[in-house]
Structure formats: C-alpha cells, structure tokens
Number of protein chains: 2
Amino acid sequence: MIQIAILGFGVVGSGTAEVLTENCKLIAERCGDEVCVKYILDLREFPDHPLGDRVVHDINIILNDPEVVLVAEMMGGAHPAYDFTCAALRAGKHVVTSNKEVVATFGVELLELARQNSVSYFFEASVGGGIPIIRPMQTDLASNKILSVSGILNGTTNFILTKMKDEGAEFADALKEAQKNGYAEANPAADVEGLDAARKIVILAALAYGILLDPNKISTEGITKITSLHTAVAEKLGGAVKLIGHTELIDGKVFAHVSPYLVPAQNPISHVDGVFNGILVDANMLGRALFYGAGAGKLPTASAVVADIIDILSNRASDRMSPAWETADAASVADAADYVCRRAVVINGCSGCAEKLQHALGADGYVCVKDGTYAVVSRPLTADAAANAVAAVGLQAVLTLPVLD
Amino acid sequence: MIQIAILGFGVVGSGTAEVLTENCKLIAERCGDEVCVKYILDLREFPDHPLGDRVVHDINIILNDPEVVLVAEMMGGAHPAYDFTCAALRAGKHVVTSNKEVVATFGVELLELARQNSVSYFFEASVGGGIPIIRPMQTDLASNKILSVSGILNGTTNFILTKMKDEGAEFADALKEAQKNGYAEANPAADVEGLDAARKIVILAALAYGILLDPNKISTEGITKITSLHTAVAEKLGGAVKLIGHTELIDGKVFAHVSPYLVPAQNPISHVDGVFNGILVDANMLGRALFYGAGAGKLPTASAVVADIIDILSNRASDRMSPAWETADAASVADAADYVCRRAVVINGCSGCAEKLQHALGADGYVCVKDGTYAVVSRPLTADAAANAVAAVGLQAVLTLPVLD
C-alpha cells in the first residue's frame, strides 16, 4: 500500500480521486502496489464523499506523516499552493501538480528544491490538461532542437472563437454561451485576456529552451477585441482565427507571446475546434508534430495527474522531469519587436488601395472581404515594418493579425 | 564516450547517424556522455561517407565487442534482423529498432528475451515514424484503460487518398504520382494492400491490451478498390475516405483490422492529409487524444530511434518499455464478424429505394450522391446485419464503408 495525499478537493482534486478509484486495479499493477489516498487537504468538509473521512485542514498532518510519499497539489492559485509545495518537497515528498500558475511563477525554484531533496516535481497536467505534452517533449523529442512551439492552450477561448466562426456570433454572445455551458467562469478575465495561455506557453518555452519567462511580462493579447470582421477575413483568406501561445528563439534569445493569429487551413492547428486544445511542436529532426485532445476538464486533467503519480511510484521517475531551468534575464529574453512573421493586414478603401497595399507588403495578391474592405497577407515582417509599410503608402490598417504558417 | 552500433545503413540507418551528428551536443548532454557510432553493419561499403570507416560485414565483430552497449537495428525485413536482434539481446546489448515487421512478428519473444538479459528493447520508431506514440501510450496514458486506437498509419496510402479527394484522381493515377514523388515504392503492395498498416496496428493493440495478434491473420483491406465513387460519397456525407488501422476490445477479446473508413469531418483524423500520419487514442479517463506528424521519412523516423537511444543511455530507461506481451490465441482474439460500427451504404436506384434503405438501416436520412445513386449511414451494426438489412428490402449495396465516429 502506497500512501499519498491530495491538496485541494475541487474539480481536478476530486477527479484525481475518481481516476485512482475507477482504474485502481491497473494503477496498482503499474505501480507495483495499491495507491491509497490517506489525506485530502481542503478548507471544506465532504461528509457525503466516500473519501470524506480522509479530509484534514492542517497541512502539517500530511507533512509530518512519513507514510505519505507523494503529494498531489491541485489547489489552484499561487498561495498557499506554492508554500505547501515547498514544504512537501523539503519534507522529502514527491509533488505532482496541475497548477500552471505555480509552475509558471515558481518553477525554477521548485525544480531546484526537488533536486536538492532527491524527489520529483512533475506537472504534466499543468499544460494541455490531459494531452501528453510535457513528458513527450522531454523524452520523444529529446533528440531534437525545438524550433518553435505554437499552441491553442485555452479551451474557453477556443470554444468562443469556434462559435464566432461557425455561427457568426459576436464575442459577447459567444462568451455568454460559454458561461451557460460551464466552459467559462463568471469572471472569464484570465481566459479571455490570455493570462491562462501565457502561463502555459512560458512553461512550454522553459521545456524547449531552459529559460522560464515571467508570464506577467510576456506580450499577451486575448480575444476580447475579436469581431465578426476577423472571422470574415479568416474565411476569405482561408483559415481560422485562433488564440495562440507561441515561442521560438530569436537570435538565440527566447521569445514567447500570446496573440490572436490567422491560422491557414493547411496548418493542422486550424482544425482544432471547440473546447479542445492543440499544441504544434516544430523540431529540427522530427519536423512538425501536433498533440491534440481535451485541454481541460475533470477527468482528462486528472488522468495526467495520475500518469505523473504512476511514473513516480513505479520508480521509473528520473531527473528527466526535473530539468534545470534558469530565470529569464535581459540577456536571455528576446525583444518582441524583433519577431518576424507574415501578417494579415485589412484596410477600408478601394481596389486601387488594395493593390498599393499588396505591393507595399510584398504580397502575392489581395482579397475583398466585403465592399470597400480588403485584406492582404504580407511577406514575413516585424510588426513595426508592416505598420510602416502600410503608412508609407498613405493607408491605415483597420486590423492586423499575425499568421501562423 | 558511449559506443553503439548501427545495423543497416539505408534511409533510417543513415538518418540515425545524421541525427546523432547534427544534434550531438544536446544528445551528449542528455546522455551524460558523447554517443559514438563504433560500427555500421551493412552488406555495402560507403567509402564516401564520413563514417565509411566504421562499416563492417560480420555481426560477430559487434556482438563480441564489450564496448558496444547498444545496437540500433534498421535493416528492415524479418531476417536476418530478427536473428541479429536475438543475438544482440543475448549478448547483453540494448536494442532499439524501427523495424515494425520484426516487432509485430516476434515482439513477445524479443521483449521476454530483453527482460531475461536485463536490457531494453525499444521500438518507438516502428509505428508513426517520428510521432511520439509508443512511449506516451505507456506513460502519459498509463492511468487509463484504452477503449480504442484508430490510426492513419501509412503515409503512402494517405497521400494517394488525399490526391483522389483533392484532385478527383483515380487510384492508378494517384499511385503513379506517389511513386514519382518517392512516396511509394516500385512494388507498393505492402502499402496499398494494407500490410504495413496491419503490422503497426497489431503493435498498438499489443500496447493497449497486452496481446500480440498475427499481422498476417487480421482482416486487412487496402485501398486498391477505392474509386472516385468513394470520394464522392465521402464528400456528400461530409468527411473523407481514410485507410484506418483500428483496434478495440469486443467482449474482452482483442479486435484489430485495417480497412478503408468513411471518417466524418468532426473526427480530427479526417483532417490528417498527405503523407502525414495521425493516431487517435480513446481512453476511459482522458477521452480522445490525437498524435499527428511525419509517419515516415529519414530524419523524422531517425529522431524516434535516437529518442529511444537517449532514453536508454541516460539510464532513465526502465521496464516501462518492455511490457510483457502474450501471443494471441483463440480465447483472446475477437471474431471480426462481431465488430459493430455505423456503416455508409450506397445503392443504385430511385429516391424510393433510398427511403427503403434508410428505414432498413435505422438511418436519419439519405443523400443523393449523383443521379440514381444514394447513400445512407446506418445505425451501429455488424457487417452481416447491415448486409442482411439491405437484402431484406430487396436492395443491393454497390459500396459499403465502416464509419469512424
């Protein structure tokens, strides 16, 4: 019997208990022994839950119990999750988490703390929910240099953008529907303004490049300004508007941002719709691989938490999952102004203006979005270069979107 | 310095040497030491290759050299690849391979032999080329029961089917184009008749259910009979015709087959086009996850071979990759006749006949493919039940395709 503790008995925490119960037999086989939830730390009581008798309110009961070898932290939020994680690692207990805020904010320190205490700190569930991405990037892609990672990392915003595309809905109405369906919270700011995706892309950037950026400092634009015009432009140019977290190296420095992109139809990410997530990794030997699935939800996310638990308890765990990350500094962070990509530029005007725009941006052609509105896809340019080229021919963009090729 | 040997210096073998050279610095970091190709076993000489001086023609030179800790087998074909693999494992050397024929045919015995000799036998490259699928199924999905695996496992046939869909080409012409582009061999039988996909789906079935089926005994239908009518039906019903390797449990017994399927547009696999592969895993907690990427090719496949090499040499390898498979027997293999799925049935006749067909198959409606040709998607049925229902109303199907929901 292997004893573990669950911190936080919300959606993912209770889901983790459910996975451990539902698949207990195969999990026992794979761990070599039965896995038992000895404690559940929560402020609340759960008298009606079969594990209700495991609930405790004092972290020290868990920290001081030598039988507990692993702690699964699913409290959410920075504090006290971070503090309890530190304490558990110092107490020589492995920690697995789905808490992207803690990993993205304190990952460098926590991974170091895990190494110092010869335990593991695993976080497969922190990005892409149940989608295998953290471990594959560290094992299957270990033979590759990572050229870039681009992901639809937030199901709420992808649900909203899909509604806008399929039903011509405006943002506000699509958001209401997402809330009605339980896909968006009453306060959807962290999702629709891109912070959730920002936390996830800095974790992926750290896996790819070893530098952990500050999720609050990377350029982050959400979807609150997306209108039916964006949708119409995407339809005319062929593709879809998606909220993308993207990271790559620029002159050896790490660049990461979150922004709405125009994703052409030939890019497999353009077909990732609804609440699903998709993460596209471009590697120097493998080329492009897409990881697609349920990016959130009780059981999918819990499935990833329990995968980490099995990896550790089966004694297969290794320092593989404890990379040595460095904190970003001026020398390691790229300037967002240096990011080069193709850009879809939309203007109001005549076809003559569209032709001027086409030549200014070195584009192959232009499309008419609707009467008096034209769109052009530029050659690869920085944001400034694109803006200057448009201004130079006396035009003004009503809308500009980076293109994910 | 860690010494390894490469068996077979063809496309994947030379690609593996290229990956080891190209990314040697990061590979050395991840293995903790430099990885050196001491020998290359091939019948040919490669005087102009930088590693030409490593070429040997006698396997015993490799088997008898205690410095060689790992052998990468990329010879292709059953023999002597199988015999050399046995000898290497018996000599206490780890073996990694891209050879799906050997894994699918001798996997049970070779994994047992690896265990007996306390070495690893890894085969990430044997399915899906460079796409991470073997290791994710054994780690990230370890917390799940696998409900089914459905994959586009052969790039050649997917290239041909994509051509037929996009350009209305007939099979013979699309095949010629695939051969012209180097995507199909002069003798394309193993690809277009489904044997390559059969070998891969039995490997995936063994990972999911622990039973290794005989790839030559599972129901295998290729794409040689696919015509523009199939393409037209798929277009009218919404979706695409794909060659799918599928496995699931039927009453606790393992079912696997290879067949052309109608894949509705809402299934993410329907968007996997060209030479790319896509593998959809349905797991009881995670739900559906899709793994997409380059299913073949020199560097992508070599990238997976080297990932296995790193996993072993970094001492992170474990028995995770050496599952105990059992050989299939009558008690463990499902009867293909018991496989239930929705089926697209096409008849020639009048709209009255289409209505009769609709009711016979419990369908929601019917579509007119072209004058005098109608298609209906049945409720979930066995192949026999569908055929009998069609015959019972005096109709004859000109075409029937299973549907991948």
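In chain A, helices α4(A) and α5(A) are roughly parallel to each other (angles under 35 degrees count as roughly parallel, over 145 as roughly antiparallel, 65 to 115 as roughly perpendicular and the rest as oblique). The model described here is predicted, so local features need pLDDT of at least 70 and side-chain atom pairs count only at pLDDT 80 or more, while totals for chains, interfaces and linings use all residues. Residues are numbered from 1 along each chain as its sequence is written, chains are lettered from A and ligands numbered from 1 in the order in which they are written, and side-chain values use heavy atoms, with hydrogens and water left out.

The axes of α4 (residues 81–90) and α5 (residues 100–116) of chain A come within 10 Å and cross at roughly 15°. Here axes are lines fitted to C-alpha atoms, for helices over the stretch in contact, and angles run from 0 to 180 degrees between N-to-C directions; helices (H or I, at least four residues) and strands (E, at least two) are DSSP runs, numbered from the N terminus. The passage of α4(A) by α5(A) is a right-handed crossing, the term used if the near helix is turned clockwise from the far one by less than a right angle, with anticlockwise giving left-handed. On the α4(A) side the contact (heavy atoms within 4.5 Å) is made by A81(A), Y82(A), T85(A), C86(A), L89(A) and R90(A); α5(A) contributes V102(A), F106(A), E109(A), L110(A), L113(A) and A114(A). By class, these are nine nonpolar, one polar and two charged residues, where Ala, Val, Leu, Ile, Met, Phe, Trp, Tyr, Cys and Pro count as nonpolar, Asp, Glu, Lys and Arg as charged, and the others, Gly among them, as polar.

Further along chain A, an open antiparallel sheet has four strands in the order β16-β17-β15-β18; strands pair if DSSP finds at least two bridges between them. Its edges are β16 (367–370) and β18 (397–402) of chain A, each pairing on one side only, and the twist averages 25° from one strand to the next. Within this sheet, β15 (residues 343–348) and β17 (residues 373–377) of chain A are joined in the antiparallel sense by five bridges, with T373(A) as the bridge partner of N348(A). T373(A) is also the bridge partner of K370(A), in the antiparallel pairing of β16(A) and β17(A) over three bridges. The hairpin of these two strands has two residues between them, and G372(A) takes a positive phi near 80°. Helix α13 (residues 351–360) of chain A lies across β15 and β17, at about 15° to β17(A).

Turning to chain B, six strands with parallel pairing form an open sheet in the order β3-β2-β1-β4-β5-β6. Each edge strand, β3 (55–56) and β6 (121–122) of chain B, has a single partner, so one side of each is left without a neighbour in the sheet. Six bridges link the parallel strands β1 (residues 2–7) and β2 (residues 35–41) of chain B, among them the pairing of L7(B) with L41(B). Helix α1 (residues 11–22) of chain B lies across β1 and β2, at about 155° to β1(B). Helix α12 (residues 298–313) of chain B lies across β1, β2, β4 (68–73), β5 (94–97) and β6, at about 160° to β4(B).

Finally, the two chains can be compared.
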